[in-house]
Amino acid sequence: MSTDSHTPVLVWFRDDHRLADNPALAAAAATGSQVLCFVVLDDSGDVRPLGGAARWWLHGSLKALGESLERVGSRLALFRGPALSVVERIAKESGASAIFWNRRYGAAEIALDTAIKKRLTDGGLKAHSFNGRLLHEPWDIVNQAGRPFQVFTPYLRAVTARRQTAPLPAPKRILGGAWPTSLSASMVPLEELDLEPSSPDWAGGLREAWTPGEQAARAGFRDFLSTGLEGYAENRDRPSISGTSRLSPHLRFGEISPRQVWHAVTTRVAEHPGLARDTEKYLSEIVWRDFSHQLLHFHPHLPVRPHSSRFDAFPWIEAPRTLKAWQRGRTGYPIVDAGMRQLWRTGWMHNRVRMITASFLVKHLLTDWREGEAWFWDTLVDADPANNAFSWQWVAGSGPDSAPFHRIFNPVTQGEKFDPAGDYIRAFVPELASLPSAFIHRPWDAPPAVLRAAGIRLGETYPDPVVPHGPARERALQAFRSLRGLE
Ligand code: FAD
């Protein structure tokens, strides 16, 4: 792929904000040409616009990517506008001979990339695309009949039987090039992309909790490998401790790749065979991520309509008051409220609690899962088109390989099992902090003297439950049974 070093080549970064194991960047650098790196912020609606928390993350991620590129002799140019016309203009005015990018897998993204590729290649440019996002692309892992898997376990088996590609090193130097003046004039400074909230600036909790960027991703992952991997299989279900890798936003924005994760984890277990069980569990989560991308690829409707058409007739209830109580963490169920407040404050929620809060919305409140998907989309720093949609349909029971409809989490027993001392509740629902552990998941059972001593007035300082558990459970079962053919 060698070209004349005076004719530049382009690298278009999209959700792959890293230098290491970035196949598009590595291939562009290997041409020996000047490499012009850019990002396009496309708010046209051609692809689903990011939610607020993810936009905040994107700001930090682009800043970090720009700094990393400068350290190796390049820079990151930022443009804004509909990607189709912006990229075409960049291609024409830069005089580049080729463009490199890593592939995306959503239907809208593929349609856009295909249209761009056609325009560019019609104009004489070479377009090269790569897999920088997944262990295996959706069409690579198929069953014996050559069809995509619908069920996770055989998919996982098929992935683990494969040899995993080794990650690529980061280029040590990139031959930077000069952008033509006409394009320089259209570049937008990061601050002017309006990715960070200003009035009001609600991102204080996010800033406290996270550092976006490749360096932070690698540092966090190194910590997890040395102190968090051991015990992961058990600890991953305990929201009060730091028992998971917290890599999700870094993976979402491609600040670390699943190949890097896979490689590092398998190297570590080879040195420490005692970690085999934890490693197996952890890697299976990384494969869930590939699986949900595979499902989104073959079922592009996943974020917008139930995968199982039986659910088209589901008797959802429209209840703005309880929806709002759920969003704000004021349902009167402490574990649900702690989860929703963790999400609001930090832009992230522990996986166990995501399952509990999602189940509560869909089953206790009979609210359409799409309301929950949309709220998570707006508030999660790791909001991901594949993982979010698939997980919501999984909880609702309408997705491929879903949770059975009659599994209705009891928020009290879930809380008692996974947060037995109530530490997670105390961290995020401070008005309950002084309740003894015996009542922290069921404040309504606490004797009046105990409530008084803890400074709690139910219905005033902390809400009464928005729905009673037993009747809500029965109502959900009835609603699910009303769908023909579910049992
Ligand atoms: P770890 O346990 O350390 O796992 C490592 C990585 O594996 C994660 O970073 C993630 O990339 C992947 N992973 C873990 N669990 C899952 C899973 N169930 N499905 C797919 N991939 C997984 N994850 C997102 O990345 N974005 C979302 O928008 C998202 N929405 C969700 C919505 C609901 C209702 C539920 C129940 C789960 C959702 N998840 C989502 C999956 C999961 O909760 C998060 O990936 C996980 O909590 C991230 O924390 P971690 O990085 O510490 O995970």
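Q: Before anything else, how is the expected span of a helix worked out?
A: The expected span of a helix is 1.5 Å times one less than its number of residues. Please keep in mind that the structure above is a predicted model.

Q: OK, so what span should helix α2 have, and what are its end C-alpha atoms actually apart?
A: Helix α2 covers residues 52-71, and because each residue counts for 1.5 Å, its 20 residues should span 28 Å, which agrees with the 29 Å between its end C-alpha atoms.

Q: Is α2 mostly covered or mostly open?
A: It is mostly covered, since 15 of the 20 residues of α2 are buried. Just after the helix comes G73, which takes a positive phi of about 100°.

Q: How far is K63 from E196, then, and how many residues apart are they?
A: Along the chain they are 133 residues apart, while their C-alpha atoms are separated by 12 Å. E196 itself sits in the loop between α6 (181-184) and α7 (204-209), and E196 is partly exposed, with 17 other C-beta atoms within 10 Å.

Q: What is E196 in contact with?
A: If neighbours within four places in sequence are left aside, E196 is in contact with W56, H59 and A203. There is also R55, which is 141 residues from E196 in sequence, although their C-alpha atoms are 6.8 Å apart in space.

Q: Changing topic: how is the protein divided?
A: The division gives domain 1 (1-132), domain 2 (134-167 + 214-298) and domain 3 (309-483). The centres of domain 1 and domain 3, taken over C-alpha atoms, are separated by 40 Å, and the contact takes seven residues from domain 1 and eight residues from domain 3. On the side of domain 1 that touches domain 3, the residues divide into three nonpolar, three polar and one charged.

Q: What does UniProt list for residues 7-135?
A: In an unreviewed entry, UniProt lists those residues as "domain: Photolyase/cryptochrome alpha/beta". In the model, that stretch of chain is 43% helix and 20% strand, and its end C-alpha atoms lie 33 Å apart.

Q: Now the ligand: how many residues surround it, and which are the closest?
A: The ligand is surrounded by 27 residues, of which the closest are T244, S245, N351, N388 and S391. By class, this shell has 11 nonpolar, eight polar and eight charged residues.

Q: Which helices and domains supply that shell?
A: At least two residues come from each of α10 (248-252), α12 (276-298), α15 (351-364) and α17 (385-396). As for domains, the shell draws at least three residues from each of domain 2 and domain 3.

Q: Where does UniProt place the "binding site" feature?
A: The unreviewed UniProt entry places it at Y232, T244, S245, R246, L247, S248, Y282, D382, A383 and D384. These positions span 153 residues in sequence and the farthest two C-alpha atoms are 22.9 Å apart, so they do not all gather at one spot.

Q: Take Y232 and D382 from that list: buried or exposed?
A: Y232 is buried, with 21 other C-beta atoms within 10 Å, and D382 also counts as buried, with 21 C-beta neighbours inside 10 Å. The cut-off that settles this is 20 or more other C-beta atoms within 10 Å.

Q: Where are they found, and what do they touch?
A: Y232 is found in helix α9 (residues 232-235) and, not counting residues up to four places away in sequence, Y232 touches G243, D278, K281 and Y282. D382 is found in the loop between α16 (369-379) and α17, and, with its neighbours within four places in sequence left aside, D382 is in contact with S248, P249, R252 and W348.

Notes: Residues are numbered from 1 along each chain as its sequence is written. This is a predicted model: local features need pLDDT of at least 70, side-chain atom pairs count only at pLDDT 80 or more; totals for chains, interfaces and linings use all residues. UniProt positions are given in the numbering used here, feature names are shortened, and annotations may be inferred rather than shown by experiment. Helices (H or I, at least four residues) and strands (E, at least two) are DSSP runs, numbered from the N terminus. A residue is near a molecule or strand if its C-beta atom, placed from the backbone, lies within 6 Å of it. Ala, Val, Leu, Ile, Met, Phe, Trp, Tyr, Cys and Pro count as nonpolar, Asp, Glu, Lys and Arg as charged, and the others, Gly among them, as polar. Domain bounds come from an automatic or database domain assignment. A residue is buried if 20 or more other C-beta atoms lie within 10 Å of its own, exposed if 12 or fewer, and partly exposed in between; C-beta atoms are placed from the backbone. Two residues are in contact if their C-beta atoms, placed from the backbone, lie within 7 Å.
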